[in-house]
Amino acid sequence: MSDLTRQGLNPLTESEPIDWSGRQAVRNRRRRRRADVRLRVYGVAAIAIAFGVLAILLVSLMSTALPAFTQTHIQVPVDLTGEEYAIDADDPGRANYRAMVRNGLMDLFPDVTGRTDQRALFDMISAGAHFEVRQRVLDDLSLIGRTVTMALPASDPLDQLHKGLVETGLPESERRVNDQQIALHDSLVDRGLISRPFNWRLFFAADSRFPELAGLRGAIVGSFWALLICFLLSFPIGVAAAVYLEEFAPKNRFTDLIEVNISNLAAVPSVVFGLLGLAVFLNLFGLPRSAPLVGGMVLALMTLPTMIIVTRAALKAVPPSIREAALGVGASKHQVVLHHVLPLARPGILTGTIIGLAQALGETAPLLLIGMNAFITADPGGLLDPATALPTQIFIWADSPERGFVARTSAAIMVLIGFLVVMNLIAVILRQRYQRKW
Amino acid sequence: MVSITFLLIVGIAALGFLWAWTGARKQETNARGALAARPGYHGAYVALWTGLPSALLVLSWIALQGSVIDRLILSTIDAINVATLSAGERNLVLSQIRSIAAGNLFGQPEPWLLAAGERYGRWQTLAGQALLATGFAAALGLLVFARTRLSPRFRARHAVEHVISGLILASAAAAILTTGGILLSLVFESWAFFRLVPLGEFLFGLNWEPQIAIRADQVAGEGAFGAAPVFAGTLLIAVIAMAVAAPIGLMSAIYLVEYANPHVRAVVKPVLELLAGIPTVVYGFFAILVVAPFMREIGGAVGLDVSPNSALAAGAVMGIMILPFISSISDDALAAVPQSMRDGSLAMGATKAETITRVLLPAALPGIVGGLLLAVSRAIGETMIVVMAAGLIANLTANPLEGVTTVTVQIVTLLIGDTSFDNPKTLAAFALGLVLFVATLSLNVLALRIVRKYREKYE
């Protein structure tokens, strides 16, 4: 309005008719239309930026994760014939497997002599390879007394080299494989002794200091236990609290306090819940550090507000006519809720629960504070054993200096996001299947 | 032993249910007058009376058992004078005893330690057995007690519903309990901290060097706990995050509400929400893997020295994280403006852009401001992105290319590793946590108040 008035075009005060096709008016219209287009472009640009960042995030993580899904193996002839390595069928766990692997490597390259050259050779195989040999012998005692060719995991630098991730053009001192190792690698490739199968260890091995041996099983098991505890605590308490607030609560100061509290709790930073867990569960009650039980309890406290809020929404969606009909035929208030309202609200409650658990699965900070970031090479057997969880495993790996862990961190993120996607899909399917219009 | 006890209680409660249920059904079929409640309620009454109190008893036993045994064990030690030990030394002795009891011997422990460890193990088994016996006896006794109260005239449904009412009320009160727990633990530990470090120095001191000697012979700083640089760093990163998230979030919300057709909206909204569903540890890794090196390169190209842990990288990624939050709140605020205001403005001949900037935005402003405040509170409380991508060293600077540290980073780094509750290093984390809690809480309350006030306008 003010613009129009300034230009003397106010029809209320001017008796003269407006010249809508005059130069001034056309320019004015154009300017205003340009402003409109500009705003629209800003909007599209904002969305494009958000989409672009999401795409960069996913693509960069996927492309860095890719190398971790395969693992380079070297075919090494392992001599299991006895005397020299003190291998004994009665006690097969104690032989000198390290020497076996090393001698096998030397058999592959008889012309490598001299200490430094041999060390370069030994560095090609994973420092944990002899445990693998030992495990295979323990699994199959009939191997003893034969020479068996085993595919053993290559060390991280060689793995990187074989995947083409090492810039061989750099000066020798600036890369982690030396020229000799490159030559040995090429010879292995020529002889067909190197293979790159799918890296099952990534899912089925526990954590390790050596990236080529590290896997996520411990973290997945730990996350499972923590989430189970989180569900067992937050689901019944959350649903019960929501039922109370939605169906039974009188309007008084106490219920007001509860409501304000729940909305506040939903906004408390997660790290504060970690502090609570540390001070109360660990310090006051003396529960063990790094235990999935404590992790689950802390996550449950965090998930509780979400649980209550979604359950209340689901209960609210059940029309009052259902309640009135049940009350009308003589049901008690508890029977109305238990027999009619809750079953009808179940799909909503379930989808909300899954979404709440998905949030808890990705939560890291509170788990760090109660010590679920321990380095553990065996998966937790119970609720009180030290454990890690998926997100804390990602945090540990992201901190590790070995280059192989970069790919593994991304791969672990892919696994975590995979779980989240599956959970959200289940929630969406549940919602679609059971959604009803009243 | 604990799980066996719980299983036993559940089993006895189930038995109680069956017993009362079949009994009630028998009475029903004998038809000497109808029962006052359905047989199922008889069963539930006995099961609740059996299970709940005994489970509570066992839980409180477990909560107390550890500290009681610890105290008893310490009182039996004669070789050293326990009363003169500090809390830390006492904990050390106890953990040695515990590891001996668990069968892990390190080196050659002194004989009194060995004896105490052996005694500890013995007492623990004894306590476990006593727990089992107590749980069993309590459950059985309660079962018999509840069963004798049953009769055809007994209104079991009322009794059961009473118990359930109590249970759901207790569940609702869990929220208060949690808040109380947070406040008490933060205030309690911060109190201990402020006895060591004065409040004024903590809030306004300019030197933050929490590295202190834990052993007497260790080389380390004295420890300085002036948290002002930490607060400044938190603010700097939050400001950067908001500078990224606010315009992008607001613009996308405007576009989605006012310009986009429903099909575009149906696709774009869920994808934006996807950004909110990504775990923050993933954003943190993204920041160190992609964003920070990228910014270093850009900075290098124009001759700027960008720190590897620049506030800019951490803040920018955090902005991406809170973007969907801002956009969905602005979306709600814009959508809540009545259609008549849009129609009125358009009828006057205003273009869409004029309608948006001069009518809708002012009308939706309180809601948007509330949303922005909530986003600031999130940015301040966000942990993993800054733990992974921001620096560790407190640095009082306004230069976004340098590394700064934040409150959450300090909390996490102070508490990772071994923690004992008697040194200022650990306690400082709780003081920072208290500040964080108070800051985010007041921001949230303020935001909710603004949003609520605005809503009343149109209802």
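These questions and answers go through a predicted model of chain A and chain B.

Visitor: How many residues does the contact take from chain B and from chain A?
Guide: This is a predicted model, and totals for interfaces use all residues. Both chains give residues to the contact. The counts are 77 residues from chain B and 73 residues from chain A.

Visitor: What area do chain B and chain A bury between them?
Guide: The size of an interface is often given as the accessible area lost when the parts come together. Here 79% of the buried area is on carbon and sulfur atoms. Between chain B and chain A the area comes to about 6,200 Å².

Visitor: Which residues form the salt bridge between chain B and chain A?
Guide: Side chains of opposite charge can pair when their charged atoms come close. The count between the two chains is one salt bridge. Its closest N and O atoms are 2.8 Å apart, and the residues are Arg32(A) and Glu354(B).

Visitor: How many residue pairs are in polar contact across the interface?
Guide: Polar contacts are counted apart from the one salt bridge count. For the interface of chain B and chain A, with both residues at pLDDT 80 or more, the number of pairs is ten.

Visitor: Which helix gives the most to the side of chain B that touches chain A?
Guide: By class, that side of chain B has 53 nonpolar, 18 polar and six charged residues. One helix gives 19 residues to it. That is helix 5 (residues 156-196) of chain B.

Visitor: How many residues has the largest nonpolar core?
Guide: Ile182(B), Trp208(B), Tyr283(B), Ile411(B) and Leu432(B) have the most contacts inside this core. Helix 10 (residues 311-335) of chain B gives the most to the core, with 15 residues. The core has 186 residues.

Visitor: Which residues of chain A does Ile411(B) touch?
Guide: Residues up to four places away in sequence are not counted. In chain B, Ile411(B) touches Ala429(B), Leu432(B), Gly433(B) and Leu436(B). In chain A, Ile411(B) touches Val271(A), Leu275(A) and Leu369(A).

Visitor: Is Asn264(A) buried or exposed?
Guide: Asn264(A) lies in helix 10 (residues 253-266) of chain A. Leaving out residues up to four places away in sequence, Asn264(A) touches Leu441(B) and Val445(B). The cut-off for buried is under 20% relative accessible area. Asn264(A) has 16% relative accessibility, so this residue counts as buried.

Visitor: Which residue forms a salt bridge with Arg175(A)?
Guide: Arg175(A) counts as buried because its relative accessibility is 13%. The closest N and O atoms are 3.0 Å apart, and the partner is Asp179(A).

Visitor: How many residues apart are Glu246(A) and Arg312(A)?
Guide: The side chains of these two meet in a salt bridge at 2.9 Å, N to O. Glu246(A) counts as partly exposed at 23% relative accessibility, whereas Arg312(A) is buried at 17%. The pair links distant parts of the chain, with Glu246(A) in helix 9 (residues 217-248) and Arg312(A) in helix 12 (residues 292-316) of chain A, 66 residues apart.

Visitor: How many salt bridges are there over all chains?
Guide: One of them joins Asp159(A) and Lys163(A) at 2.8 Å, N to O, and both residues are buried. Salt bridges that share partners join Glu132(A), Arg136(A) and Arg201(A) into one network. Over all chains the count is 14.

Terms used. Residues are numbered from 1 along each chain as its sequence is written. Chains are lettered from A and ligands numbered from 1 in the order in which they are written. This is a predicted model: local features need pLDDT of at least 70, side-chain atom pairs count only at pLDDT 80 or more; totals for chains, interfaces and linings use all residues. Side-chain values use heavy atoms; hydrogens and water are left out. Contact means heavy atoms within 4.5 Å. Buried area is the accessible area (1.4 Å probe) that two parts lose on being put together, summed over both. A salt bridge is a side-chain nitrogen of Lys or Arg within 4 Å of a carboxyl oxygen of Asp or Glu. A polar contact is a pair of N or O atoms within 3.5 Å; within protein, one must be able to donate a hydrogen and the other to accept it, and residues adjacent in sequence count only if both atoms are side-chain atoms. Helices (H or I, at least four residues) and strands (E, at least two) are DSSP runs, numbered from the N terminus. Ala, Val, Leu, Ile, Met, Phe, Trp, Tyr, Cys and Pro count as nonpolar, Asp, Glu, Lys and Arg as charged, and the others, Gly among them, as polar. A nonpolar core is a set of buried Ala, Val, Leu, Ile, Met, Phe, Trp, Tyr and Cys residues joined through side-chain atoms within 4.5 Å. Buried means under 20% relative accessible area, exposed over 50%, partly exposed in between (1.4 Å probe, protein chains only).
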